[in-house]
Amino acid sequence: MTLIYQSTRDAKNTVTASQAILKGLATDGGLYTPTDFPDITLDFNQLKDLSYQDIAKKILAAFLDDFTPEEIAYCVDNAYDDKFDTELIAPIVKLHGQYHLELFHGSTIAFKDMALSILPYLMITAAKKQGVDHKIVILTATSGDTGKAAMAGFADVPGTEIIVFYPKNGVSRIQELQMITQKGENTHVLAIDGNFDDAQTSVKEMFNDKTLRATLLEKGMQLSSANSMNIGRLVPQIVYYVYAYAQLLKKGEIENGELINFSVPTGNFGNILAAFYATKIGVPVGKLICASNENNVLTDFFKTATYDKNRPFKVTSSPSMDILVSSNLERLVFHLVGNDAEKTRDLMEQLTSIGSYQLTVKDTAILELFAAGFANEKQTSQDIARVYLENHYVEDPHTAVASSVYKAYQESTNDNTKTVVISTASPYKFPTVVVNALLETKTTDDFVAVNELEKRSQVVIPKAVDGIENEPIRHQTTIATKDMKETVERYLGL
Ligand SMILES: *Cc1c(COP(=O)(O)O)cnc(C)c1O
C-alpha cells in the first residue's frame with residue numbers, strides 16, 4: 001500500500017511521497033500531510049546497534065514508500081557522509097540534568113543540514129521517477145539557517161535553480177556572511193526590507209499564483225520549496241528522534257520502553273512536528289516541550305487553543321525562531337481537528353483575514369502530548385551561563401531557549417522524565433550573543449567573539465566560519481518585499 005499525502009486544505013488533493021517532495025506545497029495553499037502513519041516496528045534493541053545512515057534508510061523507506069530501497073540508499077549515502085564532522089552524525093551529550101542532541105555537525109553548522117543535505121537527492125530522484133525534465137526552481141524564505149543549508153545542498157546541482165530571501169536586519173552577521181559568500185552559478189540570495197513572515201508570505205503567494213505557474217511551465221520550469229513545508233524536509237527530521245532514543249538505550253541511560261521528553265526550540269514548527277511524527281511510529285515520548293523565544297505565539301496557542309499573530313514582531317538573539325506565522329502548525333491543526341481539511345482551510349483563511357483563529361480540539365490526546373513555554377532574552381542568556389558553569393559546555397542561543405524552557409517546566413511540574421534538549425546550532429554561529437552571556441566584557445564584533453569562544457569552549461572553530469570574513473561577497477542586493485515576485489521573474493528570464 002502506498003502512503004497518501006493529503007493537502008491540509010482539500011481532501012481530494014492527494015499525492016504520493018515523491019510527488020509531494022517535487023511539488024513542495026499544494027497549489028490550494030495547503031501542506032501535504034500524511035493521514036495515516038506507516039506500519040513499522042521499531043525494535044530498539046536492534047536499532048541501538050545501527051548507524052545513523054541505517055536508521056535513516058529504515059525510516060525514509062517507510063514514509064517515502066514510492067521510492068525503491070536502492071533510491072533511498074543512494075540518497076542517504078550521499079547525504080550523510082563526511083560533510084558531517086562526526087561519524088555519529090547526531091551525537092548525544094550527557095550534561096548535568098539533561099541530554100543534548102547535537103544537530104549542528106553538518107556543513108552549515110545548524111540543524112537545517114540534517115534535512116537539507118538529503119533534500120536535493122530526494123528531489124532529483126523524485127523528478128526522475130515522475131518523468132519530470134523541467135528545471136526545478138527552489139524558492140525559499142529563510143530566517144537565517146535554511147537559506148544557507150539549502151544553497152549548500154543545491155549549489156551546482158544540474159537542473160535546479162535556487163532563490164533565497166532573508167530579512168536584511170533579521171539574521172546574525174555570520175549567518176549573513178555565510179549566505180552572501182555562497183558559490184554556485186544557480187544560487188541567488190536577496191535581502192528584503194521586511195521580516196521573515198513577510199518573506200514567507202510572499203513566497204507562498206508565488207506558489208499559489210496560477211499565472212506565474214503557467215508562465216514557468218511554458219519556459220520549462222516548475223517551483224518547489226526547500227522550506228519545512230516540504231515533506232522532504234520533515235521526514236529526514238524524524239530519523240534523529242529515533243536515533244536519539246536508540247543511542248540513549250545503547251549507552252544504558254534508559255530502559256527499553258521508558259518514556260523520554262524532548263524540548264525543541266521552535267519557530268516554523270517543523271522540527272517539533274517531526275518529533276510528533278516520531279511518536280506516531282512508536283518512539284516512547286512523555287512530553288514534547290515546544291520552546292519559543294519572546295515571539296511566543298505558540299506558547300499561547302498551546303495554553304488557549306487560540307492562535308493570534310496580532311502582536312509585535314520581536315528581533316531576538318535567537319533569530320531563526322523570530323516567526324509569528326508558524327507554517328507547519330497547520331499540519332498539527334489538521335490532526336487536532338481530526339484530519340478535517342475543510343475545517344483547517346476555514347481556520348487558515350481566518351488567520352489570513354483577521355490574523356487569528358480559535359479551534360475546537362477533537363483529538364485531545366495530541367494536545368496532551370505537548371507542553372509549551374518561552375524564554376525571554378535575559379533567561380536565554382542566563383541559561384547559556386548556567387550550562388557553561390555546570391558543564392563547561394557552550395550552547396547556542398536557540399538551544400538555550402529550549403534548555404531554559406525545559407528547566408522552568410521541570411521546576412514547575414516536578415516531571416523527572418529524562419529529557420533531551422534539541423541542540424539546533426553551533427555556538428559559533430551566534431558568537432557575540434554567546435560570549436556576552438559568558439563574559440563581563442561586551443563585544444559587538446562576531447570575529448573577536450569567535451576567537452574568545454575558541455578559548456572558552458575548547459571546540460575548534462568549525463570550517464563553516466573559519467576565514468569567512470575574507471571570502472569574496474557574491475550576492476549583495478537588497479529589495480523591497482513587494483518586489484520579490486518581479487525579482488524572481490527577472491532572474492528566471494520570464
Ligand atoms: C530553523 C531553526 C529553528 C526552528 O526550527 P523550526 O523547525 O522552524 O521550528 C531553531 N533553531 C535553529 C538554529 C534553526 O535554524
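How accessible is Asp81, as a relative value? At 30% relative accessibility, Asp81 counts as partly exposed. Buried here means under 20% relative accessible area, exposed over 50%, and partly exposed in between (1.4 Å probe, protein chains only).

## Basis of the model

This is a predicted model, in which local features need pLDDT of at least 70, side-chain atom pairs count only at pLDDT 80 or more, and totals for chains, interfaces and linings use all residues. Residues are numbered from 1 along each chain as its sequence is written, and side-chain values use heavy atoms, with hydrogens and water left out.

## The N-terminal domain

UniProt, in an unreviewed entry, places the feature "domain: Threonine synthase N-terminal" at residues 5-80. UniProt positions follow the numbering used here, feature names are shortened, and annotations may be inferred rather than shown by experiment. Over residues 5-80 the chain is 45% helix and 16% strand. The end C-alpha atoms of this stretch are 26 Å apart. Helices (H or I, at least four residues) and strands (E, at least two) are DSSP runs, numbered from the N terminus.

## Salt bridges

The structure holds 21 salt bridges. Each is a side-chain nitrogen of Lys or Arg within 4 Å of a carboxyl oxygen of Asp or Glu. One of them joins Lys250 to Asp49, with the closest N and O atoms 3.8 Å apart. This pair links distant parts of the chain, 201 residues apart. Lys250 sits in helix α11 (residues 231-250), and Asp49 in the loop between α2 (44-47) and α3 (52-63). Lys250 is partly exposed, at 47% relative accessible area. Asp49 is exposed, at 51%. Lys48, Asp49 and Lys250 are linked in a network of salt bridges.

Lys94 and Glu253 also meet through their side chains in a salt bridge (3.1 Å, N to O). Lys94 lies in strand β4 (residues 92-95) and Glu253 in the loop between α11 and β10 (260-265), so the pair ties together parts 159 residues apart in sequence. Lys94 counts as exposed, at 55% relative accessibility. Asp81 has a partner too: Lys83 forms a salt bridge with Asp81, the closest N and O atoms being 3.0 Å apart. Lys83 is partly exposed, at 34% relative accessibility.

## Positive phi angles

Most residues other than glycine have a negative phi. Ile109 has a positive value, near 50°. It lies in the loop between β5 (98-102) and α5 (112-116). Ile109 counts as buried because its relative accessibility is 4%.

Asn414 also has a positive phi, near 60°. Its place is the loop between α18 and β15. Asn414 counts as exposed, at 59% relative accessibility. Asn416 is in the loop between α18 (397-413) and β15 (419-423). Asn416 is exposed, with a relative accessible area of 62%. Asn416 and Met484 are 68 residues apart in sequence, and their C-alpha atoms are 48 Å apart in space.

## A negative patch

Which residues form a negative surface patch? They are Asp445, Glu454, Asp466 and Glu469. Patches are made of residues with over 30% relative accessible area and no salt bridge; like charges are joined within 9 Å, and nonpolar side chains (Val, Leu, Ile, Met, Phe, Trp, Tyr) within 5 Å. Asp and Glu count as negative, Lys and Arg as positive; His and the chain ends are not counted. Asp445 is in the loop between α19 (431-438) and α20 (446-457). Asp445 counts as partly exposed, at 34% relative accessibility.

Conventions:
Areas by Shrake-Rupley, 256 points an atom, 1.4 Å probe, with all protein chains shown as cover. Charge placed at Lys NZ, Arg CZ, Asp CG, Glu CD.
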